[in-house]
Amino acid sequence: MAWRPAVVGGVAALLFVRQVYLTIRKKRAESDQNEDEVDYNFLTAAAKEAEVAMRKEEGGPFGAVIVRNGEIVAQAHNEVLKQKDPTAHAEILAIQKACKKLGKIELSDCVIYSSCEPCPMSFAAMYLARLPRLVYGAQAEAAHDLGFDSSHIADAIRGTSQFQKTNCIVKRIVHPEVCKVFWKNRTKVRIY
C-alpha cells in the first residue's frame, strides 16, 4: 500500500491549494469593494465641483477631479460661461491644473473622476494626457436631456449627421507648405 501516503499527500496539497485560492478570492473581493468605495468618494468630490459651477452660474453641471496615489491633485468645474470659452470644460481645466502642478504633460499615474460622461473633446484631452482610468457619474443622455449635446460631433465633422447642429463646412486642401513643414521636420519631432 505504498500509494496511500502519496494519495494522502496529494489530497493535502489539493486542500492547501484550495485554501490559498479561497484566500486570494476573498482578498480580491475586499479590494474591489474598497475600490468602489474610493471611487464613490472621489466621484462625490467631482459632483461637488459640478454644484459650484451651477451655484456660481459659471457653466453646466460638470465637475472633475484628478487623483494620484489616493490624493486629489486637481479639481475643476465647467467654466464655459465664466470664461466665455466653449472649451472650458471641467475635465480639460482639471487636466491643465494637474499637468501644471505635477510638471508634466502625461498623467498616466492618475485617475480622473467626472460628474458626467465626457464629451468627445474632453475625452480626447484625457486620451492625450494618457489618463489610464475614468470614473463618471451621469451618462451623456443626462446632459443631452438638459440641452447639452455632443453626441453627433464626429458625424458633424464628416457631414453625415442626421441631426447636425453646425453650419461649419469642413474642407481639406493638400497644401505644399503644410506638406513641407511635416516632411521637413519628420525627424525632429519630439513625441509627447
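**Close-up views of a predicted model**

**View 1. Helix 4 (120-128) and its cover.** What covers the buried residues of helix 4 includes helix 3, strand 3 and strand 4. This is a predicted model: local features need pLDDT of at least 70, side-chain atom pairs count only at pLDDT 80 or more, and totals for chains, interfaces and linings use all residues. Residues are numbered from 1 along each chain as its sequence is written, and side-chain values use heavy atoms, with hydrogens and water left out. Helices (H or I, at least four residues) and strands (E, at least two) are DSSP runs, numbered from the N terminus. Ser122, Ala125 and Met126 are the buried residues here. Buried means under 20% relative accessible area, exposed over 50%, and partly exposed in between (1.4 Å probe, protein chains only). The three cover an arc of only 100° around the axis, so they sit on the same side of helix 4. That arc is taken from the directions from the helix axis to the C-beta atoms. Tyr127 and Leu128 are exposed, on the face turned away from the buried side. Arg130 follows helix 4 and has a positive phi, near 65°.

**View 2. Ser122 in helix 4.** Ser122 has a relative accessible area of 0%, so it counts as buried. Not counting residues up to four places away in sequence, Ser122 touches His89, Glu91 and Ile92. Contact means heavy atoms within 4.5 Å.

**View 3. The hairpin of strand 1 and strand 2.** Strand 1 (residues 63-68) and strand 2 (residues 71-77) run antiparallel, joined by 6 bridges. Two strands pair if DSSP finds at least two bridges between them. Gly63 has His77 of strand 2 as its bridge partner. Arg68 stands opposite Glu71 in strand 2. The hairpin has 2 residues between its strands, and Asn69 in the turn has a positive phi of about 50°.

**View 4. The largest nonpolar core.** This core has 23 residues. A nonpolar core is a set of buried Ala, Val, Leu, Ile, Met, Phe, Trp, Tyr and Cys residues joined through side-chain atoms within 4.5 Å. Ile66, Ile95, Ala98, Leu107, Ile112 and Leu131 have the most contacts inside it. Strand 1, strand 2, helix 3, strand 3 and helix 4 each supply at least two residues. Helix 3 gives the largest share, 7 residues. Beyond its neighbours within four places in sequence, Ile66 contacts residues including Ile72, Ala94, Ile95, Ala98 and Leu107. A second, separate core of 9 residues includes Ala46, Val65, Val67 and Tyr113.

**View 5. Phe42 and Tyr113, an aromatic pair.** The structure holds 1 such pair. Rings of Phe, Tyr and Trp (its six-membered ring) pair if their centres lie within 6.5 Å; planes under 30 degrees apart count as stacked, over 60 as edge-to-face and the rest as tilted. This pair is tilted, at 5.4 Å centre to centre and 40° between the planes. Phe42 lies in helix 1 (residues 3-55) and Tyr113 in strand 3, so the pair ties together parts 71 residues apart in sequence. Phe42 counts as buried at 13% relative accessibility. Tyr113 is buried too, with a relative accessible area of 2%.
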